Each structure stands twice: as C-alpha cells, then as structure tokens.
Amino acid sequence: MIQRIVIIGTGLIGASTGLALRAAKFTGTIAGFDASGTELAAALENGAIDTVLHSRAETITACESASVVILAVPVLAILDWMHLLAPVLKPGQLITDVGSTKLQITDAATRLFAGVQAATFLPGHPMAGKESGGAALAEATLFHNAMWLCTPPTEREPSAIEQEWRSWIAKFGARTLDLEAAHHDELCAWVSHLPQMLSTALAALLEDTFGNDPARRAEIDAIGGRALREMTRLGASPYSMWRDVALSNTDPVAATLLALEQRLQHIRENLKTPELREEFLLANKFRERR
Ligand SMILES: NC(=O)c1ccc[n+]([C@@H]2O[C@H](COP(=O)([O-])OP(=O)(O)OC[C@H]3O[C@@H](n4cnc5c(N)ncnc54)[C@H](O)[C@@H]3O)[C@@H](O)[C@H]2O)c1
Ligand SMILES: O=C(O)C(=O)C[C@]1(C(=O)O)C=C[C@@H](O)C=C1
C-alpha cells in the first residue's frame, strides 16, 4: 500500500502530481523538497504537499522510509538525484520520474537500480504541461486525458508497487503507454521538442527584430492575433527545463531541426510555384487526423 510519498521538485509537474493525488483521494502523506523555498512554500500553500523537507540530507532520510519517490526536477537534476538515492532505497520501494527525455534516465536506472537488492525505478513522462513552470500554476486536472509514457526495462516483471503507482496514474485520468526509451526520445523530438524550438525561434526572431523599436513593437502587439499567440505560446517556456532536454536528446532534436530547416527552405524557394500548393495539401492532410 502506497502511504508515504516524497516529491522532489515541487514546481509545475511535481505540485500538479501532488494535487492530482489528493483529488484522487490519496490519504497518505506527501512530503516535498525543492531547491527553491518559494516553490516549496507555494506547493504547501496550495495543498500539493503537506510536509516541507528543508535540505537534501533531510530529503534523503525521508526517502528511506517512503513508499514512492517522485523526481520532478529538470532531467540532469533527475540523474543527480538517482545517484544520491540509489544507495538508500530498498526493494518494495518505487522511485519514478517525470522527465521529458527518457534514454539517459532509463540507462542510469538500469545501472543503478538493478538486482534483487534494488528499489523499482519506473521512468515516466506525462505528456501534459504548460509553457510556464512553478507550483502556483499547478492543477489537479493537468493529466486528465493525457498519455503518461513509461520506458521500463523490458526484461522485468512490474513489481506490486509499480502496478499500484500505475493505478494512481489512471486515477489522475491519464493513460500509461510503455515505449522503448530511444524510441520515446525520437518520437518526442518530433512531437514536443521540435514544436518548442520552432516557437522559441519565432518568438526570439520577433523580439530581436522589433524588441528595441518601441513603435514597431507596439504595432506588432496591437495587430498580432490568435495565429501569432498560438505559434509563440511555447516561447514563454523556461530555459531551466529545456536546456536539459536539449542536452539529453541532442541528436534527435538536431535531426528534426535540420528536416524543418530544409522544409522551410523548400517553401522559400517555391513561393511562386505549384509546389507550394502541394505543401499546403500535405499540411491539411496532417491536420485532418488531429
Ligand atoms: N512543463 C511541462 O510542460 C512538462 C511536462 C512534462 C514533463 N516535464 C518535466 O517535468 C520536470 C519538471 O518540470 P516542471 O515543468 O515542473 O518545471 P518547474 O520549473 O515548474 O519545476 C522544477 C522544479 O525543480 C526545482 N529544482 C531544480 N533543480 C533541483 C534540484 N537539483 N533539487 C531540487 N529541486 C530542484 C526547481 O526549483 C523547480 O521548482 C522536468 O524534468 C520536465 O522536463 C515538464
Ligand atoms: O505546454 C504544453 O502545451 C505542453 O503540452 C508541454 C509538453 C508537450 O510538448 O506536449 C512539453 C514538454 C513535456 O515533456 C510534455 C508536455
């Protein structure tokens, strides 16, 4: 029975997980630790956690007796916490994460949480989020109707506690889907990381071009409509999260960016040819299925 949960990283996803647990009637304790006191206070204030852990040492001690530890920090910090916690966690405990890339985390899990003496590590990734981080924006319903991707090592049977954690994910309204980790990262480069980089590039280009010219900037702000808002929404995303995505999924993200560069070049070279129509027909076909 899952009774004690520790959430490390009480920002948007960590705090939303705490709120989703409470909304699903989890009655055990939820302790939280975050490098930022502001985020911890906000998570306590909105009820995502009920106990504050004040230091790394106190957090490691709390993890020793936790049923489930959830790592909800940026990807490279997830790897750091895995190294810190592997020696203190035991069989019967579950450690999981919510990081946006999975290959490095799954490889580390295979090394650090192997054998009968180890806790279960379930690499996870909810496909739901927002362009702005922080506990203040956390929502109990964030994971409703979302996919919750998992990349467990293939050769093992799910432990009882892993199965119980998966049933909580279902109670959040999400659906788990197991994928191989490299496949996950390649897919997410296309469906998540490329759209993020495209939006970042567009917003940065507009800021660079018009940001220092108050009159032009005011014009852009006044006339830009839904198209501009939607296409630049992800431009508000924090570098703190995306730096680690870029560092831990560099080759797949670079490959999708190169494909997009070539596509844009093709459009630029065909603005006055019937090829442009073919591009629009292909794009229309993609949207018909969404
Ligand atoms: N935002 C999204 O859309 C989204 C969706 C799914 C998964 N994720 C993944 O979830 C994780 C958290 O993202 P988020 O959106 O909640 O970001 P966030 O910035 O809202 O929260 C991350 C928190 O981690 C804390 N932190 C950073 N390093 C730490 C460390 N070493 N120890 C303790 N705390 C530390 C920060 O202070 C921050 O409060 C990331 O791995 C991200 O890739 C994000
Ligand atoms: O901000 C959003 O709209 C998101 O959905 C965020 C989004 C995504 O690309 O789907 C971004 C990264 C995460 O790893 C998962 C979710």
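What follows is a set of questions and answers on this predicted model.

Me: Happy to start with the overall layout. Into which domains is the protein divided, and how many Å separate their centres?

Reply: The protein is split into domain 1, covering 4-179, and domain 2, covering 183-288. Taking the centres over C-alpha atoms, the separation of domain 1 and domain 2 is 31 Å.

Me: How many residues of domain 1 are in contact with domain 2, and which elements give two or more of them?

Reply: On the domain 1 side there are 14 residues in contact with 17 residues of domain 2. Sorted by type, the domain 1 side has 6 nonpolar, 6 polar and 2 charged residues. The elements of domain 1 that give two or more residues to this side are helix H4 (75-85) and helix H5 (103-112).

Me: Now the ligands, please. How many residues surround ligand 1, and which are the closest?

Reply: The shell around ligand 1 divides into 13 nonpolar, 11 polar and 4 charged residues. Ligand 1 is surrounded by 28 residues, and the closest are Gly-9, Gly-11, Ser-100, Gly-129 and Gly-133.

Me: Which elements each supply at least two residues of the shell around ligand 1?

Reply: Both domains take part here, as the shell around ligand 1 draws at least three residues from domain 1 and at least three from domain 2. The elements that each supply at least two residues are helix H1 (12-23), H4, strand S7 (124-126) and helix H10 (239-248).

Me: Let's turn to the strands. Is strand S1 (residues 4-8) mostly covered or uncovered?

Reply: A residue is buried if 20 or more other C-beta atoms lie within 10 Å of its own. In S1, 4 of the 5 residues are buried. The answer for S1 is therefore mostly covered.

Me: How many bridges join S1 to strand S2 (residues 29-33), and what is the handedness of the crossover between them?

Reply: S1 and S2 run parallel and are joined by 5 bridges. Within this pair, Ile-7 stands opposite Gly-32, and Arg-4 has Thr-29 as its bridge partner. From S1 the chain passes through H1 to reach S2, and this β-α-β crossover is right-handed.

Me: Is Lys-25 buried or exposed?

Reply: Lys-25 is located in the loop between H1 and S2. Its phi is near 70°, a positive value in a residue other than glycine. There are 7 C-beta neighbours inside 10 Å of Lys-25, so this residue counts as exposed.

Me: What about Asn-145, is that residue buried or exposed?

Reply: Asn-145 lies in the loop between S7 and strand S8 (147-150). Phi is positive at Asn-145 too, near 65°, in a residue other than glycine. Because Asn-145 has 9 C-beta neighbours inside 10 Å, the answer is exposed.

Me: One last one. Which residue of strand S9 stands opposite Cys-150?

Reply: S8 and S9 (residues 175-178) run parallel, joined by 4 bridges. With helix H6 (residues 160-171), S8 and S9 make a right-handed β-α-β unit. Opposite Cys-150, the residue in S9 is Asp-178.

Note on methods:
Residues numbered from 1 in each chain as written. Chains lettered and ligands numbered in written order. Predicted model: local features only at pLDDT ≥ 70, side-chain atom pairs only at ≥ 80, totals over all residues. Domains from an automatic or database assignment. Contact = placed C-beta atoms within 7 Å. Nonpolar A, V, L, I, M, F, W, Y, C, P; charged D, E, K, R; others polar. Near = placed C-beta within 6 Å. Buried ≥ 20, exposed ≤ 12 C-beta atoms within 10 Å, placed from the backbone. Pairing = 2+ DSSP bridges. Right-handed = clockwise from strand over helix to strand, strands pointing away.
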